[in-house]
Amino acid sequence: MANRTKPKYIGILTAGGDCPGLNAAIRGVAKAASGTYGMDVVGILDGFTGLVENRVIHLTEYEMSGLLTMGGTILGSSRNKPYKMPLPGGASRDMTGAAVETYQRLGLDCLVCIGGDGTAKNALHLKKAGLNIITLPKTIDNDVAETDVTFGFDSAMAIATEAIDRLHTTASSHARIMLVDIMGNKAGWLALSASLAGGADVCLIPEIHYRFESIVGAIEDRQRRSRRFSLISVAEGALPAPPRARKRTGGGVLKGQRIEPADAGTKPANISSALAKALEKRVGLEARVTTLGYVQRGGIPTPADRLLATQLGTTAARLIAQGTYGVMVAIKGRDAVPVPLEKVAGRRKTIPPDHPMIQTARLIGLCLGD
Ligand code: F6P
């Protein structure tokens, strides 16, 4: 949608699970918007909750100082949706009207929503309610549709890789099986990338349902080659193959991005403890589980994430200055480009079976459990 008057006043919010690089993105938007395009910028607190409740702070040059390297988000975040705001007692209420009212009361020309697939959905909802919206893709899961990469992912990959490195030495000392739980919701990008970078022996991801026998085979094969330990990374959404799905393994090959409906409701189950027990019994090695958890979302962003967040943030400001709204700023190759929110919302990017990383994993001998 093109806007004829020059945008003067914009808001920024961060929503969904936090990740390294959020502050760098806020800084990128605000510095370009105010410094280059002469706009005033406000920050909306605690995601869409602050929009509904009209909780706002001014973002001046002063607030931007030191933000590039800072983890978390100075604006706070929440997973609340404008159309489903929680009420005391567990009920919820559609507060879209209040969100629109805050936007209008502030006289905003555009709202920049920094978040993942859930945020894109909320943003599309507000777009349909008449707001000018731009989103920026962040998440350690890297599962946002239509963008090659999200910021936060590289930092989490570095943390998970370092954890695998550290687990290697202790696994080797004690001749143990080490299982490491890696976040990622229902996509295996983080677990697979860290497993390749850290040299794990087995990596279980949601996109490839695993068979217990295949994991046992990989460990026994290592034992035959005098490897005293094994390192297994388990993505958050990894699942065993149901009997019928086994026959289909290796079936359809998808090209490009694999996009699935983002049924955000259900949380993936944790399977590592059960696997550890079963493996101890079966292969006769001690097994231990390490859950990285929120460590993966904390701390300073890597240089790559700082660059990405800054590129995305400044591009958002440029798009606003041009009057381009209703889009997510996506990374395609080296470019940051607008993609209609309709193409992003409610979809999840998972790893396609023919992705180069899957091929690399197979060639290096990383067991994917199938
Ligand atoms: O989206 C990032 C993420 O850390 C996922 O990897 C994980 O499934 C989820 O958020 C955890 O959510 P919460 O912060 O609500 O516990």
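R222 lies over the face of F229, 5.0 Å from the ring centre. The charged end of K349 sits over the ring of W189, at 5.1 Å from its centre. A charge counts as over a ring if NZ of Lys or CZ of Arg is within 6 Å of the ring centre and within 35 degrees of the ring normal. The model is predicted: local features need pLDDT of at least 70, side-chain atom pairs count only at pLDDT 80 or more, and totals for chains, interfaces and linings use all residues. Residues are numbered from 1 along each chain as its sequence is written, and side-chain values use heavy atoms, leaving out hydrogens and water.

**Helix α6**
- α6 covers residues 153-174, 22 residues in total. Helices are DSSP runs (H or I, at least four residues), and strands are E runs of at least two, numbered from the N terminus.
- From first C-alpha to last, α6 reaches 31 Å, close to the expected 32 Å (1.5 Å times one less than its number of residues).
- Its buried residues (under 20% relative accessible area, 1.4 Å probe, protein chains only) include F153, M157, I164 and L167.
- They pack against β8, α7, β10, β12 and α11 (contact means heavy atoms within 4.5 Å).
- A175 follows α6, with a positive phi near 50°.

**Nonpolar cores**
- A nonpolar core is a set of buried Ala, Val, Leu, Ile, Met, Phe, Trp, Tyr and Cys residues joined through side-chain atoms within 4.5 Å.
- The largest has 68 residues, of which I12 and L192 touch the most other members.
- A second, separate core of 28 residues includes I44, A120, V344 and A345.

Technical notes. Buried means under 20% relative accessible area, exposed over 50%, partly exposed in between (1.4 Å probe, protein chains only).
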